[in-house]
Structure formats: C-alpha cells, structure tokens
Amino acid sequence: MNMKRIKELRKLLGEKYSFSRPLSDRDVFRLQKQPPKNFADTTVASLAAGCVKIEAVLFHDGKRLLLGYDIFVKDDPNSTEWIRYDTPNDRVRLKESEMLSVLDRIVTANGLSYTECCFERLDGKIVMPREKPKE
C-alpha cells in the first residue's frame, strides 16, 4: 500500500477520510510495559474511510496489554454511529498506509464499500416510560 492509494481515497471521500494517532509508539510501549490498574480498552490509531473504519486498539487480555484491530461499518452514510463488524487477526501496524492495506483487504473480501452502506438500516426499539399505577 502506498501514498497513491491514500491520495486516491482522500480525493474520493474528502472530509469522510481521516487518520488519527492519539498515542505514539513510545506511549504504547510504556503502557504495555507497566499497565495501569483497571485499564480500559484504548484506541491507539483510527482510520475512517467513508462507510468503513479500522481502529488499532490496546486491550487487556488478562495477562498483558495487546494490540488488535476492530473494523466498523455504518448503516447510513450520514450516521455518526459506527457498528462493530469484525476483529481481524492481522498483526497490528500503526502506520496509515498499513492500516489502509488491512481495511482494503477486508472491504474487498466482504463486499463492503467506502461510499455506500451495505446494510439495511435497523432502528432501535424505543422504550416508553411506564405509567405509575394509580393508587
């Protein structure tokens, strides 16, 4: 995967393409070396490309902190909510080009799309408050 593919998707998707890296390699190493008590899953890097997204997540497996990928999709292109789709076993690399390579492979293998949602929208159940019994 090279910069050509990144530029191609940035041009196609505009503001719907983004890459962020809130934690540096040094931060990740430090956390893995001395995990804090009550550690919560932490996103280390995130690449959103239209209707799909990949996140590199630091998580506790019971013994130590490990890195893994999570893949998310949208059921509506304008939705702000993401739905977890898959957790591939690829070796995690925190470079934009390498994360895009994994995402490209998953999009292709599963018939997903960067520009169109491939799932029917499912609205959640609306819970109405119960009326208090009359005394």
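Leaving out residues up to four places away in sequence, Thr87 touches Tyr69 and Asp70, where contact means heavy atoms within 4.5 Å. Thr87 is placed in the loop between β5 (83–86) and α3, and with a relative accessible area of 45% it is partly exposed; on this scale buried means under 20% relative accessible area, exposed over 50%, and partly exposed in between, computed with a 1.4 Å probe on protein chains only. Thr87 and Gly68 are 19 residues apart along the chain, and their C-alpha atoms are separated by 7.6 Å.

The model is a predicted one, in which local features need pLDDT of at least 70 and side-chain atom pairs count only at pLDDT 80 or more, while totals for chains, interfaces and linings use all residues. Residues are numbered from 1 along each chain as its sequence is written, and side-chain values use heavy atoms, with hydrogens and water left out.

The protein chain has three helices and five strands, and from the N terminus on its elements follow the order α-β-α-β-β-β-β-α; helices (H or I, at least four residues) and strands (E, at least two) are DSSP runs, numbered from the N terminus. Of the 135 residues of the protein chain, 35% count as buried. Among the contacts in the protein chain with a separation of 6 or more, residues 24 or more positions apart account for 52%.

How do helices α1 and α3 pack? Two packed helices are described by the angle between their axes and the distance between the axes. Helix α1 (residues 3–13) and helix α3 (residues 96–109) pack at an angle of about 70°, with their axes 10 Å apart; the axes are lines fitted to C-alpha atoms, for helices over the stretch in contact, and angles run from 0 to 180 degrees between N-to-C directions. The two helices, α1 and α3, are therefore roughly perpendicular to each other, given that angles under 35 degrees count as roughly parallel, over 145 as roughly antiparallel, 65 to 115 as roughly perpendicular and the rest as oblique. On the α1 side the contact is made by Arg5, Ile6, Leu9 and Arg10, and on the α3 side by Glu96, Ser97, Leu100 and Asp104. By class, this contact of α1 with α3 has three nonpolar, one polar and four charged residues, where Ala, Val, Leu, Ile, Met, Phe, Trp, Tyr, Cys and Pro count as nonpolar, Asp, Glu, Lys and Arg as charged, and the others, Gly among them, as polar.

Asp104, which has its place in helix α3, is buried, with a relative accessible area of 11%. Asp104 and Ala49 are 55 residues apart in sequence, and 10.0 Å apart in space from C-alpha to C-alpha. Ala49 is also one of the residues in contact with Lys16, which, leaving aside neighbours within four places in sequence, touches Ala48, Ala49, Gly50, Pro77 and Asn78. Lys16 lies in the loop between α1 and β1 (17–20) and, at 38% relative accessibility, counts as partly exposed.

Two other lysines lie over aromatic rings: Lys53 lies over the face of Phe72, at 5.2 Å from the ring centre, and the charged end of Lys74 sits over the ring of Trp82, 4.7 Å from its centre. A charge sits over a ring if NZ of Lys or CZ of Arg is within 6 Å of the ring centre and within 35 degrees of the ring normal.
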